[in-house]
Amino acid sequence: MFRLVQLLQATALCVLFLVDAKRTVRLSPSVQEENDSLVRYLLKHDGAPNRKMMSNSIQMKHVVQDINSANVSHFAAHQSTGGPNDNYYGLRATMDVYGHDLKPGQQSGTGLSLSHFGDGKLSSYNDVTVGWHIDPERYGDSHPHLYTSWTRDGYETTGCYNMDCPGFVRANGAAVAPGALIDPVSDGKSLQNVTLELLLDKTSGDWWLYYGLNSVPTAVGCYPKSLFTYLGEKANAIAFGGYVLARRALPTPPMGSGAHPHSSNSRAASFTNLGLIDQDGKSNPIMTDLRANMGNEQCYAVTPIVRAECFYGGPGGCMP
């Protein structure tokens, strides 16, 4: 049972950072089958249902990156231990935002997620994720964009990025929409910050996104309760951090600012004002550390949480 929980936690990070929802709701069979042999083995030996996971394996202690995959991925993230009795109703963070010159086939991003493991089967996994990322293949440019994603069945048949499928409902008068370009970005002279809040409205059960660029966040829109099977009442797991992805023929791109958090030469990207939002909408700072998961700490890392902040990232160019 403990091993199954580990696998589900690994899946949570996969959904947070590395699910490749592309422009369609369901992943194509050819992409799904890339990592099927590895995942099939893990699921079979954990006693979990024999189901296909998302397209990109995650490289961590519990799930080894499939050497046959077309993509290489790394992450540096904090996540809760997760459990049926854990209750989360919202998460907020302020994060630096950066621009990098990426090529199609490379991605770099930062995000935060609230999820529910459902009944323990991958097909019951519910998740909402928000953040900023650079994805030239998706947007046709190498600029950071606000992004959202969701699923109620581990991306088996539901979910997508932004508003690529029915789901996210934009608020009346919202200044931005999911997928919006973020400008300006941090440079050597000044830091530009994005503040994101994702919280459950206790009356409606809808998950609301608030966003602010160097400003107090305002409502962007919501994911209605009707989309989900478990998240309409609460989340039982949280995660936040950075990720990168690249086709094997390309170098892995920078994460965050491109500086490693343990380097003294330049400033690494940060999460500040980390807070859990309670049922009444009040934010309480995260003052205790959460478990860190890093696929390759020499390439990309995240520091412990100290007084509601942490640092993360790395320069890129890492091997699988």
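## Rings that pair up

Rings of Phe, Tyr and Trp (for Trp, the six-membered ring) count as a pair if their centres lie within 6.5 Å; planes under 30 degrees apart are called stacked, those over 60 edge-to-face, and the rest tilted. In this predicted model, local features need pLDDT of at least 70 and side-chain atom pairs count only at pLDDT 80 or more, while totals for chains, interfaces and linings use all residues. Residues are numbered from 1 along each chain as its sequence is written, and side-chain values use heavy atoms, leaving out hydrogens and water.

Searching the whole structure turns up 8 aromatic pairs. Take Trp150 and Tyr223: their ring centres sit 6.3 Å apart with the planes at 45 degrees, so this pair is tilted. It links distant parts of the chain, with Trp150 in strand β5 (residues 145–151) and Tyr223 in strand β10, 73 residues apart. Strands here are DSSP runs of E, at least two residues long, numbered from the N terminus.

Are these two residues buried or exposed? Buried means under 20% relative accessible area, exposed over 50%, and partly exposed in between (1.4 Å probe, protein chains only). Trp150 is buried at 4% relative accessibility, and Tyr223 is buried at 1%. Ring pairs also tie Trp150, Phe168, Tyr223 and Phe228 into a cluster.

## Strand β10 and its partners

Two strands pair if DSSP finds at least two bridges between them. β10 (residues 218–223) runs antiparallel to β7 (residues 169–170), joined by 2 bridges. It also pairs with β9 (residues 207–213), again in the antiparallel sense, over 5 bridges.

Which residue of β10 is the bridge partner of Arg170? That's Gly221, and Leu209 stands opposite Gly221 too. β9 and β10 make a hairpin with 4 residues between them, and Asn214 in the turn has a positive phi of about 55 degrees.

## One disulfide

A disulfide is a pair of cysteine sulfur atoms within 2.5 Å, and the whole structure has 1. Cys160 and Cys165 form it, with their sulfur atoms 2.2 Å apart. The link is left-handed, at -90 degrees about the S-S bond, and both cysteines are buried.

## The cores

A nonpolar core is a set of buried Ala, Val, Leu, Ile, Met, Phe, Trp, Tyr and Cys residues joined through side-chain atoms within 4.5 Å. The largest one has 52 residues, and Leu112, Leu196, Trp207, Phe240 and Leu274 have the most contacts inside it. A second, separate core has 6 residues, including Phe75, Tyr139, Tyr147 and Tyr161.
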